[in-house]
Amino acid sequence: MGDIVPGVIARINDLVIRITAPNPGMMTGPGTNSYVVGKEELALIDPGPESETHLSALLGAVGKRLRWIFCTHTHLDHSPGARALKAATGAQLLGFARTPADGRQDPDFVPDQALRDGDIVDCGGFRLRAVHTPGHASNHLCYLLEGQALLFTGDHVMQGSTVVISPPDGDMAAYLHSLERLLSFELAALAPGHGLVIETPHEEARRLIAHRLKRERKVLDAFDRRNPAHLDELLPIVYNDAHPRLHPVARRSLHAHLIKLQREGRVVETEGAWMRDAGGC
Amino acid sequence: MSELTPLPAATVTLIRDSEAGLEVLMLQRNFQSGFMPGMHVFPGGALDEADYSAQACALCSGLDDATASGILRVRGGGLGYWVAAVRESFEEAGILLACDPDGGLVVLDEPEEIDRFRAHRHALNAGEKEFIALCAAENLRLATDRLVYFSHWITPQGAPRRYDTRFFAARAPQAQDALHDNLETIAHQWVAPGAALAAHAEGRFNMRTPTLKTLEMFARHETADALLEALRARQEVPAILPRITRDGRRLLPGDPGYEEADSAEGRGKWEI
Ligand SMILES: [Zn+2]
């Protein structure tokens, strides 16, 4: 499988194609992936950002056969394209009921059918099962294409980069729990919201868990150098392996690590100063 | 996105004083050339395996591999760049930067010598002879001590071919223009840096960024001596890696947007 080119249809298997939005960048990799599932009546997962170009690429692929628009979550690169797509096709909008209010969300998102964990949507030729995976976003759903064991992961798992956990809506403990949950499903492949298909789902989930726990260890060890410490003092120590241009993004995930450790009673915070518990770790 | 490893390469700027002032030798690549077709360039090319050989090093005048590698800040094999610069100068431009056993620069002004070295050059370019063996057979040493290292360019990521190129300057030995003949496949010309820049500004002289920046640097000097002195005085030679933005602009370090353009992070490839 080669590079991702926005607007070009990439066939994933006999039932699924991928069309990537023209919004490549640091946070979006090659662009947001929209997936079209089905042969007659079609479902679309993640319409992507508001974009005329992407809308016409999607309409070109689905014609009048689109019935369902599923959103994994309501970050601005995933769901805002739904409005125009729904207007053009009359398709029904599905997603998590509650949209968080943290200023990073698509405020117009109101699903026609609100989904909860375990809900199964019968789309005629195939079935999609909602898997609630909070962490990156509290309203994040992955969609399991039953029978194919293909999981549409949105921003729960991306290919090419790690996802950002941005408090208050982003939650590191929930994220790790949601990664562990993937291990309880039989999975053949992950179709991520950004990047190429991942053909080693469980290995990838385990790798991501180990990666985050290693980072958490680094957070705790950073207090050897400075205790108490401000977030911005910990940042260059904990992320000394990351390019400084990633530090503003890393800062948010660092905050998420600290909140997780705080809830576990391993660090405390007073007026912006974080301190590792004297009892050690 | 594939990320090709740049190949080691050497470029040599040959300079001379003329009545019009400082001039530099430039070639125009064939339009069939795979790399930079039709472009005005300085002689140069990728390093050959033979450029790193012990035999090549033994022929280098006044420079050993440890010193050369120290100047280039590479772990070893640095002298190969000097050898390649001397070889490309002869193969591509017909200018031989070599000394005879007494240490004098080879001039090549006898008709018999000119014919012999022309034949050598054709044999080299036809792949029938090997440069180091030829120099050894002619009892010549490579005038590596006359080359001044002055800049370092790396082809941007995403280019179909990538080179890690070290730039050298040397005064061309007088009278060697005689080696050119009508079998040349590449057009040669001695140009004043300022004139080349003016022609480029009018769209008549196609050049890539490293060539252009080199000429801008050269145009600030009146004579070969002044230029070489200024180049020798450069303490730091930072590697310059231009970057291509998503909309196809080429940026140099320091240009606005350079930091974000075309980096792995900029393309969304990172793990934190
Ligand atoms: Zn997101």
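Predicted model: local features only at pLDDT ≥ 70, side-chain atom pairs only at ≥ 80, totals over all residues.
The model comes with a few ground rules. Local features need pLDDT of at least 70 and side-chain atom pairs count only at pLDDT 80 or more, while totals for chains, interfaces and linings use all residues. Residues are numbered from 1 along each chain as its sequence is written, and chains are lettered from A, with ligands numbered from 1, in the order in which they are written.

Start with chain A. Its secondary structure comes to six helices and 15 strands. Helices (H or I, at least four residues) and strands (E, at least two) are DSSP runs, numbered from the N terminus. Chain A has 281 residues, and 46% of them count as buried. A residue is buried if 20 or more other C-beta atoms lie within 10 Å of its own, exposed if 12 or fewer, and partly exposed in between; the C-beta atoms are placed from the backbone. Next come contacts: two residues are in contact if their C-beta atoms, placed from the backbone, lie within 7 Å. Take the contacts in chain A with a separation of 6 or more. Residues 24 or more positions apart account for 58% of them.

Now look at helix 5 of chain A, residues 231-238. Leu234(A), Leu235(A) and Val238(A) are buried there. Why do they sit on the same side of helix 5 of chain A? They cover an arc of only 115° around the axis, so they share that side. The arc is that of the directions from the helix axis to the C-beta atoms. What covers the buried residues of helix 5 of chain A? The cover includes helix 4 (201-225), strand 13 (229-230), helix 6 (247-263) and strand 15 (273-276) of chain A.

Axes are lines fitted to C-alpha atoms, for helices over the stretch in contact, and angles run from 0 to 180 degrees between N-to-C directions. The crossing of these two helices of chain A is right-handed. A crossing is left-handed if the near helix is turned anticlockwise from the far one by less than a right angle, and right-handed if clockwise. Helix 4 of chain A brings Arg215(A), Lys218(A), Val219(A), Ala222(A) and Arg225(A) to the contact, and helix 5 of chain A brings Leu234(A), Ile237(A) and Val238(A). By class, that gives five nonpolar, no polar and three charged residues. Here Ala, Val, Leu, Ile, Met, Phe, Trp, Tyr, Cys and Pro count as nonpolar, Asp, Glu, Lys and Arg as charged, and the others, Gly among them, as polar.

The loops of chain A hold some backbone details. A cis peptide bond joins Asn227(A) and Pro228(A), with omega about 0°. Pro228(A) is in the loop between helix 4 and strand 13 of chain A. The bond from Pro167(A) to Pro168(A) is also cis, with omega near 10°. Pro168(A) lies in the loop between strand 11 (150-154) and helix 3 (172-182) of chain A.

Two residues other than glycine have a positive phi: it is near 65° in Asp46(A) and near 45° in Glu271(A). Are they buried or exposed? Asp46(A) counts as buried because it has 27 C-beta neighbours inside 10 Å. Glu271(A) has 6 such neighbours, so it counts as exposed. Asp46(A) is in the loop between strand 4 (42-45) and helix 1 (52-62) of chain A. Glu271(A) is in the loop between strand 14 (267-270) and strand 15 of chain A.

Turn to chain B. There are eight helices and 12 strands. Of its 272 residues, 36% count as buried. Helix 6 (residues 193-201) and helix 7 (residues 209-218) of chain B pack at an angle of about 135°, with their axes 8 Å apart. That angle makes helix 6 of chain B oblique to helix 7 of chain B. Angles under 35 degrees count as roughly parallel, over 145 as roughly antiparallel, 65 to 115 as roughly perpendicular and the rest as oblique. Their crossing is left-handed.

Finally, the two chains meet. How many residues are in contact? 21 residues of chain A touch 10 residues of chain B. On the chain A side, the largest share, three residues, comes from helix 6 of chain A.
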